[in-house]
Structure formats: structure tokens, C-alpha cells
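Me: I would like to go through this model with you. Could you start with the terms you rely on?

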Amino acid sequence: MRRVYPLEERCINCHLCEVACIVEHSATKLPLAAYHVEGLRFSAEDSRHIPDPAESSERGVPKPLTRTVVQTVEYLSISTTCRHCEEPDCVLACKNGSLYKADDGRVLLHEDKCVGCWMCIMACRYGAITRNPTKRNVPAVRNNGVNHHCDLCPDRETPACVWVCPTKALVFEDRDAP
Amino acid sequence: MSTYFEEPNGRVALGLRRPEPGDWHHGYPEYRVVRDDERCIRCLVCVRQCPYDCTFYDPERHAVYNVDSNCVNCRRCEFMCPTNAIEIVPWGGFRENDNWRPWLIRSVYKQADTGAVSLTGFGNDKEYASYFDRMVIDASQVTNPSIDPLREPMEMRTFVGKKPDRLTHDGERYPNLQCETPVIFAPMSFGAINLNFQKGLAMAAREMGTYFNTGEGGLHPDLRQFSEHAIVQVASGRFGVSLDYLSNSAACEIKIGQGAKPGIGGHLPGEKVTREVSRTRMIPEGSDALSPAPQHDIYSIEDLRLLIYAIKEATEYTKPVSVKIAAVHNVAAIASGIVRAGADIVVIDGFRGGTGAAPTIIRDHVGIPIEVALAQVDERLRQEGIRHEASIIAAGGIRSSADIVKGLALGADAFYIGTAAMIAVGCTACQQCHRGKCSWGITTNRPDLARRLQPEVAAERLANLLRGWGHEIKEMLGLMGLNSIESLRGNRLKLRGVGMTQVELDTLGIQQAGL
Amino acid sequence: MKHVIIGNSFAGVFAAEAIRRTEPESEILIVSRERQHVYSRAMIHEMLAGMVQEPMVYLRDWDYYEKKRIGTLLGRAVTKIALDAHAIGTDDGDIAYDRLLIATGGRAFVPPIAGLERVKYHTFTTLEDARALKAACGGRTDAVVLGAGLIGLQCAEALRHVGLNVRVVEMADTVLPMALDAPSSEIVARELAAEGIELHTGDTIDLIAGEDGHPSGCKLRSGARIPCDLLVIAVGVRPNIDLAADAGITTDRGIVVNERMETSAEHVYAAGDCAQGPEIISGMTMPIPVIPIASTQGMIAGYNMAGKRRAYRGGLSVNAIQLGGVQVISYGFVNDERDGEVLRVHDPATKVYKKVIIKDGRITGAIFVKDIDRAGLFRHLIENRIDVTPFKEHLLSPDFGVAHLPAEVRKEMFTTPQ
């Protein structure tokens, strides 16, 4: 199964993968509409010091809704995404079966079922899941949201992050044993 | 704690600007970063990519802003912006004055501010008439049919080195460099550029059957695998020179001078001496690496002969020895002396040649154009009957396949390209090479920036450049009715001059167009 | 091969899936006392509060078992396991098996309390419990929940959401004493208090006053008297080991299993809240009644039942809790700080609290309050016993991530298929 693998020696910490991810998952898939009309944020700077994305949204500085996270230390950067594991930790932890492994191997979410309990965040060894506060299936719970992770861009041949990377630091290939 | 990713001090940059009479050369920005605010999506890619402290993010206004006086027009932000929101434009300007041009005014400001020598990178950018651009190439018509390169083989291969006096079946042969294309990658040292680019050059050289040159920075261990394609340089600083270094090469080159800064030695500013560079050059980290002007054991032509033969002895006469000089007055006489001293290759570097760092005033005013130097050296060596004893490599601002064809006709055996190689991998000619912050990852050893240029990508682009030029050279050879580089070499009749004086035509040894 | 699974919750369904993936043709039968379609016990409090619609409570789609060709016998109580006969006895006949999985989960423990036997009280572990409690809320005003563990507090919060006054009584000095340490527990307690839930910690109910078979008030050990017209007992869940114990299978607190989920009886497996399997930090066996462990144990058991040998390296006690709008994630032994180095970050203003306990370079316990992004990395660090000494000063920084890990660890995680 083809997955996105990062090549950390090539990453230049530009974060274009995050931008491409946000645009691809926006309603129009157009960057200007995504920013001006949908109000999607691209900059993580303002919300950096607010750990909870729901609070961040409330305070008018929504965190970027990116499904890949570029993590950096000094000059080492790496764009991390869901590994679509064979035996996904998140699926085993999900408290109401919202997360599932599809027939094509991708780990996906029933968006309308997720209650935002964050058991998946607790379980995912790769830190690949973030909280999406823009969808709330349990509005009575303060700071509710849903699971947010890479879905391998179902509408594209090649995932957006792989396509945009200027140094080809992300590759989309099958590394499974034959 | 490393300084690579400290958040740039935006608050300082955002602060009120005070007129600084002590900092006049930053007083009038040269460039202005124009950002279309409608298109800017605040992705901050430009903020992260700018190494020159020019681009910042203001969280209060949720907007990106620039400190224009720091902009060097490297255009990295334009290139990376996902919505094409950025345009770098020239800022205002001084009142038109053909005598006191803007750079001259700024140069006086800078000197008055600092009292120091202004350094720069890249090649001479001043207005001097180009000879290449005033020569045109002959084409076959009617009386001498052209050859179609798509149907007939074109011999692009050339041999660089000493040729025997006469050709016999079992006679003396001298070591030569076999080049599948007459283009070789110019000396660019590890320190001036980084290992990624050097690897790219080495890989492309191997793929295309040509060579790269280590420059005076030594041969990095990771490049040992390419030693068959490496020309190793022995420069005045003797950085990294050892028997091992000389033996693991295709040829050894003694660097006497460089077109960008004739008469002075190499210069690697301390900012560019990182740990890796310090290890390869065997000098302390962070210290300026200033090579002495003369090689201190070469004070006469006889001394040069001693060094040439010392190297030949050490390498058991298996490799050609090259001597590189800058193109200066009397270059023909100097070249003649070098050939008689035993050099197999003479490299002549014209005044448009690039550099990692040199005093601006020297880069722009010292040295002569490669075209005339080449023509004179070729002519003199022929007259003295020693033209076969060494090959001539011409360097210094070779920009296109046309320059190569013209240069071959003027007498060159092969060419070094440095600047063109950098541009092939992304250089935008911003002339900041000496600062070690190259946005394109070419002339910097900072790990966070060097990774912007990947060796495989560089190698592919360089190989493409040589391939493209190769096709064009074949086309031009064919249209001249020639089918090999050898037939073009020194063939001045294939060139004509346009808009030159008679003296210029005579110096180049070519005729006026129309005749 | 006929596989029989007793119990229709996480362990059972993941076991059935694992078997079906390995053996497309074998027969799988799930037998359960509960009539409901497979549901999540962790969702019943949200259902009670009316925060979610019922469909969100179920673990799989309605036609799931049909599609996977998994047979079910729901509303059928299993009465005994006849090991020699390789069969289970139910309230309506015997069922033979080739492989048996006991995934009976746990049941609420009800302690003896004076007056309890004369009044109606509720426990809160099953969907039926939740429905009953919901029905009982009508006309009531003062709920008392005995026990401030996860179940007790979730129930309390739900009842508060329904509109009742809620008082919680807990023996320990802090709420969630098993999952949290004192400072994090304090943060949660404050949020619950802000929601209007009255907490009585370090206390217990000595006497329950009743009227017409319903509670009318409680007298606490401290002497306080609190009103009560609805009583929920949530002091703990005991593994359902009776079937196994009666059959002579080795049990301790739970049904003892090895790393392949095998019990002491041949061809009999156990998984989930009823099982006592290996724990990864201590190496000992202990019941770990949390969903991820139940699911994983079920899956491992299923593979082994289907002949695919898989070993389980051990469970880790994990929690993801949301109470009072505050998210908390914890791993391992969060209160065992002796001989360990404790790193802590606490910002009362933003309610961020993070703590890590390191022993011999390895993390043995961790808590994250509010700042939970990428917390799962700590699970990786703990389960793989990674020596965190080289980067320990970064562990609690807000942007701690994979870039801080040693290169080999990162390579293994991100350059090979997982």
C-alpha cells in the first residue's frame, strides 16, 4: 500500500506541505478562497501558546487545520503524517468505532460519529492526530471536536503534500514487504 | 543552543526607524518587497525561507512585512510563495546620472560608514563591452554544404593535455583528460560552496563524461568515489594538499590566479568556515581563510617548473598537470612560459569569472576579458610552435553554447563553467555568496540552508545543461559544415566581428563581418 | 474450526475480526447475556446525558455481523464452561466449541452499606443501567454518586447535565485516584465544582436513609448529611471470572492469561476487562480494564485462536479522560515517584499540567492536562523502553515531537511501513 514517507535530510522547513494540505481539504481547494472566504488559517504563530485548538478558535486565532505536522529542532525538520498502520493503535482505542481501516488500507474516520474523546491521540504512537474544533458532534461538551488525521488525499492521484514539496522530501510509495 | 532557527527578532524590525547618519549605505533600500495583500495567505513560507532578516510576521496585525533595506533580491520568497503574492522591485533610485551611477554612490556611502574593504561574491557585473556578443558565427550556404547533426555523427569528444610532437603508432603518449563534451565544471571550493553542490557537480561530471574541480578547499572524503572525474587544485594556501589528495584525481591543477581577483589570493570569510569546512581545509572553525597572493614557493618561472615536476614525480607522470592563471596584460607571454615550464594544460580565467568572496573593487576593475586573452595566447603558442605542448582551458563568464563555439574558434580546447553551473541549479545572481547565507543552498555551508539544494537534483540539472548545450554545439558545428570539435579549434575564419574597431578585430584575429 | 466468544464488547468484536481476517471460512459465534447490538460502555454516560443520539453508542454498523458472517446469540446467559466436553452451557442448551474466548468484562462491585439493602440503587456499567438511570431521573432532584473514579465522575457529570443536583462521595483524598496524581486531580476537581458538582473526598457513606424503598438521604462518615433521592454506586468494577473459576481455570483478580491470551485450559482464551495479562512496565500480570487494552488483547486472542501465533508484549495502563471540559491523558504508574526523577510543568492560569516520571532513563508514568497534542509519542517511548536521558529536558516543552527523538527511533517509525 502506498504511503507518504518523509526524507528528513531533504526537508527545508518551509511548511508548504501544511499549506497544500489545508488547501486540498478546504471546500473550494483554492488557496485564496480558503483564506478569504472560509477563513482558514495558515499561520501557527498566533496560536502557538494556546494548547487547545477549540480555545484557540474561540479566541479568534484558530490553529491551522493541517493533517500533517512539520516538527522541527534546529535545522532538522520532518513532516509527519498518519502511517495508516496495519493494526492501527487508534482503531483499537477508539471508544465508539468511529475510526476504521478501510478496504484500501487507509485509516479513516466516520466524521459524524466521532465524539472527540481523544482516546486516539492517547493511543497514536506517532503523534499523528490533531483535534479539529470546527466540527462538534457533542456540542454539550466544552472544547469538543473531532479526530483529524491524514486521509491520503482521496481526491488526488498523489497526496497534496507530496506534490507540493519543493525538495521532494516527501515520497508516495509502497514499502511493504512483498 | 544553536542559532539556526532562532525566531528572527521581529519586534526590533517592526520598531520605529531612526535616521542613522552612521549607516548611510542601508539608508536607501535597493529593493522593495511588494506583497499583494489580497493574495497573501499568511502561510509564512517566505518568513521561514528568508535568510537575510528581511521578512517577518507581525502577530498583532496578522500580516507579513519586510525590512526592505535587508532585501538582496535573491527572489527566494517569490519562488516559494504558493499564491504568487510577492514581487521584488527596485526601490526609487537616485537622480539619473551616467557618471555617478547608483552603485558608485552607495560604495562611497559604505566606505564612509565603515572604512573597510567592500567584499562581494559572483562575477564582474559592470558594463564592459563583450567580445562574445560582438562576434558572429559563419554558416554554410551553397558552396560548402552543412551537415545535419540528426543524421551524421558529431564528434564532441576532445582530449585535454599535452600532445606529442609527431604522431606515431607507438610513440610517446602523455596523460590527457578525455572529455565527452568540451565543458568542465570550474574550480569551486568546499567552503565557497557546499558538499551537496559539489556532489551534484561530481555526479553530473561522471554521467556526462567530463570533470569537476575541487577548487582550493580540498577533496571531501564523500567525494572520493568520484576521484576519476576530479581535478584537484593546489592553490597558494595549500589547503588539504597531500600525496593522497594528489593521487586520487584525474588531474592536478596549480592555481596561480583567478579571473575575479587577479594578483590576490583566495578568500573564505569566517562566517563560511563551519565545522565540516574547517576539518577539510585543516583550519580553525570560524576563522577567515585568506590564501596568500603569490604561492610563496613560486617566485619565478623556474620555481613553477619545479612544482609542476614535483607533482608529476609524486603522481608518477600518470596525470596531466594544469596551471591556472588570471587573464591579465601579457597573458600570452605568461602562458608561453607556463607551457615551457612543463604544464600539460593552461587555464586562463577572464575578468568575468565568478568568486565566492573578493573585494568588489578588484573584481570589477582588474583583469582582462577572456576572449582577447584566449585569442592572444592561442596565437602566441602557435607562433612559437608549442601550441601542441599544452591544451588551453578558457574560463570566465562562459554563458551559453554560442560562447563555447566562439571560444573554440578562438583557440580554446575546453571551457570551465562556474557561474553558469550555479545558475543551472537555481542561483539568481544576487551577489551575496560571500555572506554564507545563500537562499538557494549553493554558496553556504549552513546545514539548514545547504539542504535546499539536493545533490541528485543538482546533478540532473547540470547534466541537462551540458546535454542542451551539447545539442546546440552540434547544431552549430553542423551548420558550419563541420563534424568535430577538432575542426573548429582555432578556426578563426568561422568568426566575424560586428561593431568592433580594427584593433579589436586584429587582437582577436578575426575579420569584419561582410568580408 | 468453530470459535465461540462469550461477551459482545471490545475484546469480543476485535477477536471476531481477527479470526475472520485470518480464517475466512471458519464459524464464529458470539454469545452474550446483553441483548444490545455491540456497544461501547464508555458512551453510556453521554447517552444518559442526552448529549448524543443512540446510534453513536454502537461500535459497529447494524449489518456488521451479518456482513462479516459472525453469528450472534444475544440475550443468552452462559452458565458454565465444560472443559472436557469442549462446550459451554447456557440458559437454553449447550454449545460446542473448538476454541473459546472468555470476554465477559467486568461487573460493578457493590459494597455492603448500612441501609443499602432497603433502597433502590443504581450501578453504571451497562447500557441497561444507563437506560434505567435515565428513566429514574424523572422527578428526582438530588443524586448522590458513591465513587469518584472514571465511571462515577462521568455518571455524575451526565446527571448534572440532565439537571439534577449532584454530590459525589469518594474514599480517597482526590478524585480519579487511580488515573491521576494530586495536582492534576485538583484541576479536574475544580472544573467539576465549577459545573456545580459537590465533591466529598476523603469520605464515604455510612448510612443510607430510605423511604418506601427509595433513598431519602445519606449520612457520611465525616458526619455530614446530604440529601439523596437517587443513588448510584460506582466504587469499582470486578472482572467477571466466575465462569472460569468454576471451570477450574486459573484466576487471580482476573482470568490469568499468558502473552498469547491463553488461559490455563487448552483452547480457552481470555481477553479484556475480565483478563489478567502481562503489563509492560512491571512485567507482572494485572487486569487493565481500559478500551485499548481490551481491543488489543481481543485481537491477539483472535489471531492465536485462528492459528496465527502472535505474542502480546504487554499492556500499558492508559487513560483519556474529559471532565469539566478539561482533557487529560495519562500513562503507566502516575503516582509511583519513588526512586524516579520527576519532571513537571504546571501553569494554573492556563490549566496546563504535565508530569513525567523517569526511572533508569525510562518513562514509567506520565500525565498531560490540556496540552495533549502528540501525547501518544510517550506511549511509544514507554512501550519501547526508550532511554530518554539524551533529550529529557525537551520532554515537557510544548513542541516536543519526533524531531527530538534519536534518529534511529525516528527512522524506524517513519521510514518503514507500520
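Reply: A residue is buried if 20 or more other C-beta atoms lie within 10 Å of its own, exposed if 12 or fewer, and partly exposed in between, with C-beta atoms placed from the backbone. This is a predicted model, in which local features need pLDDT of at least 70 and side-chain atom pairs count only at pLDDT 80 or more, while totals for chains, interfaces and linings use all residues. Residues are numbered from 1 along each chain as its sequence is written, and chains are lettered from A and ligands numbered from 1 in the order in which they are written.

Me: Why does B:Leu268 count as buried?

Reply: B:Leu268 counts as buried because it has 28 C-beta neighbours inside 10 Å.

Me: Where is B:Leu268 placed, and what does it touch?

Reply: B:Leu268 belongs to strand S13 (residues 267–268) of chain B. Helices (H or I, at least four residues) and strands (E, at least two) are DSSP runs, numbered from the N terminus. Leaving out residues up to four places away in sequence, B:Leu268 touches B:Gly191, B:Ala192, B:Val273, B:Asp288, B:Ala289, B:Gly356 and B:Ala357; contact requires C-beta atoms, placed from the backbone, within 7 Å.

Me: How far is B:Leu268 from B:Arg435?

Reply: Their C-alpha atoms are separated by 9.7 Å, and the two residues are 167 residues apart along the chain.

Me: Changing topic, how many residues of helix H12 of chain B are buried?

Reply: In H12 (residues 401–410), 9 of the 10 residues are buried. Among them are B:Ile404, B:Val405, B:Leu408 and B:Leu410. After H12(B) comes B:Gly411, with a positive phi near 130°.

Me: How many residues form the contact between chains A and C?

Reply: Chain A gives 41 residues and chain C gives 46 residues. On the side of chain A, at least two residues each come from several elements, including strand S1 (2–6) and helix H5 (119–123). That side divides into 21 nonpolar, 9 polar and 11 charged residues. Here Ala, Val, Leu, Ile, Met, Phe, Trp, Tyr, Cys and Pro count as nonpolar, Asp, Glu, Lys and Arg as charged, and the others, Gly among them, as polar.

Me: And what about chain B against chain A?

Reply: There, 22 residues of chain B are in contact with 20 residues of chain A. H2(B) supplies the largest share of the side of chain B, 3 residues.

How values were computed: Two residues are in contact if their C-beta atoms, placed from the backbone, lie within 7 Å.
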